[in-house]
Amino acid sequence: MSDIETCGIVCPTDWVPLPLDPSDDIKGWAKDTATELCERSRAAGYELDGRALRKDLRGWAEDSRSRAPLYGFAFYPDGFDTALALLEVEVVRPDDTVPRFSLEWLADTFSAHDFGPPLISHPELPIGPAVRLRQNFAADGMPRRGPGVLLQTITYGVLPEGTDNAVVLQVSWTVPGVDEEIEDAADSIARTLTVGF
């Protein structure tokens, strides 16, 4: 079996890609991106606080970079100067402790029972079989997640065909009232995952 060398994803334009490479200039990126988002929101009839937006963008980029995912995106719909959700993608490779992945292993590994068991389904994605977890975590002590105490997540663990690697996509949010929109977005984005060997 081959190792995954490339992984692709397609996100709508309101999911802003975060600069995750250690050499990326987060401060300069946040300034330029805040300007773009302010212009986009202004065209849609909203005025944003550019300074607050720059600070929020920097915070999300630094938070995501600390986990070193392959991709990170923050959800900024028009009219919002704070991100409503975070999306991260990582490739997981087998090692001596876990030489082979299964959907059951992915479900067990990425499950939490903070507020009851996760809702688990097994969708088939274009790149291979997957497990989908919908669950809630206690979010205390997570300063980049906003004021809420409930962190809601959708996690996809995917076993792409042709490799023994796994791809994990997670979307998380604390803002109430956006569950359906974010779940729909997560499900749609997960279907765009591609891998190359």
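This tour moves through a predicted model, one selection at a time.

**Thr-163 and its surroundings**

Begin by selecting Thr-163, which sits in the loop between strand 8 (150-158) and strand 9 (166-173). Thr-163 has a relative accessible area of 8% and is therefore buried, the limit being under 20%. Next, display its contacts beyond four places in sequence: Met-1, Ser-2, Asp-3, Ile-4 and Phe-197. The side chain of Thr-163 reaches the backbone oxygen of Ser-2 at 2.5 Å, and the backbone nitrogen of Asn-165 at 3.0 Å. For orientation, select Asp-96 as well: 67 residues separate Asp-96 from Thr-163 in sequence, and their C-alpha atoms are 17 Å apart in space.

**The aromatic pairs**

The whole structure contains three aromatic pairs. Select Trp-15 and Phe-75, whose ring centres are 4.7 Å apart; their planes meet at 20 degrees, so this pair is stacked. Trp-15 belongs to strand 2 (residues 15-17) and Phe-75 to strand 3 (residues 71-75), so the pair ties together parts 60 residues apart in sequence. Both Trp-15 and Phe-75 are buried.

Now select Tyr-71 and Phe-73. Their ring centres lie 6.4 Å apart with the planes at 35 degrees, so the pair is tilted. Are these two residues buried or partly exposed? Tyr-71 is partly exposed, with a relative accessible area of 27%, whereas Phe-73 is buried at 9%.

**Around Trp-15**

Return to Trp-15 and show what it touches beyond four places in sequence. The set comprises Phe-73, Ala-74, Phe-75, Ala-85, Leu-86, Leu-87, Val-171, Ala-185 and Ile-189.

**The nonpolar cores**

Select Ile-9, Trp-15, Leu-87, Leu-169, Val-171 and Leu-193, the residues with the most contacts inside the largest nonpolar core, which has 29 residues. Two or more residues of this core come from each of strand 3, strand 4 (86-92), strand 8, strand 9 and helix 4. Which element gives the most to this core? Helix 4 does, with five residues. A second, separate core has 18 residues, among them Leu-18, Trp-29, Leu-57 and Ala-74.

**Helix 4**

Finish by selecting helix 4 (residues 179-190). Its 12 residues should span 16 Å at 1.5 Å a residue, and the end C-alpha atoms are 16 Å apart, which agrees. Within helix 4, colour the buried residues Ile-182, Ala-185, Ala-186, Asp-187, Ile-189 and Ala-190.

How values were computed
Residues are numbered from 1 along each chain as its sequence is written. This is a predicted model: local features need pLDDT of at least 70, side-chain atom pairs count only at pLDDT 80 or more; totals for chains, interfaces and linings use all residues. Side-chain values use heavy atoms; hydrogens and water are left out. Helices (H or I, at least four residues) and strands (E, at least two) are DSSP runs, numbered from the N terminus. Buried means under 20% relative accessible area, exposed over 50%, partly exposed in between (1.4 Å probe, protein chains only). Contact means heavy atoms within 4.5 Å. A polar contact is a pair of N or O atoms within 3.5 Å; within protein, one must be able to donate a hydrogen and the other to accept it, and residues adjacent in sequence count only if both atoms are side-chain atoms. Rings of Phe, Tyr and Trp (its six-membered ring) pair if their centres lie within 6.5 Å; planes under 30 degrees apart count as stacked, over 60 as edge-to-face and the rest as tilted. The expected span of a helix is 1.5 Å times one less than its number of residues. A nonpolar core is a set of buried Ala, Val, Leu, Ile, Met, Phe, Trp, Tyr and Cys residues joined through side-chain atoms within 4.5 Å.
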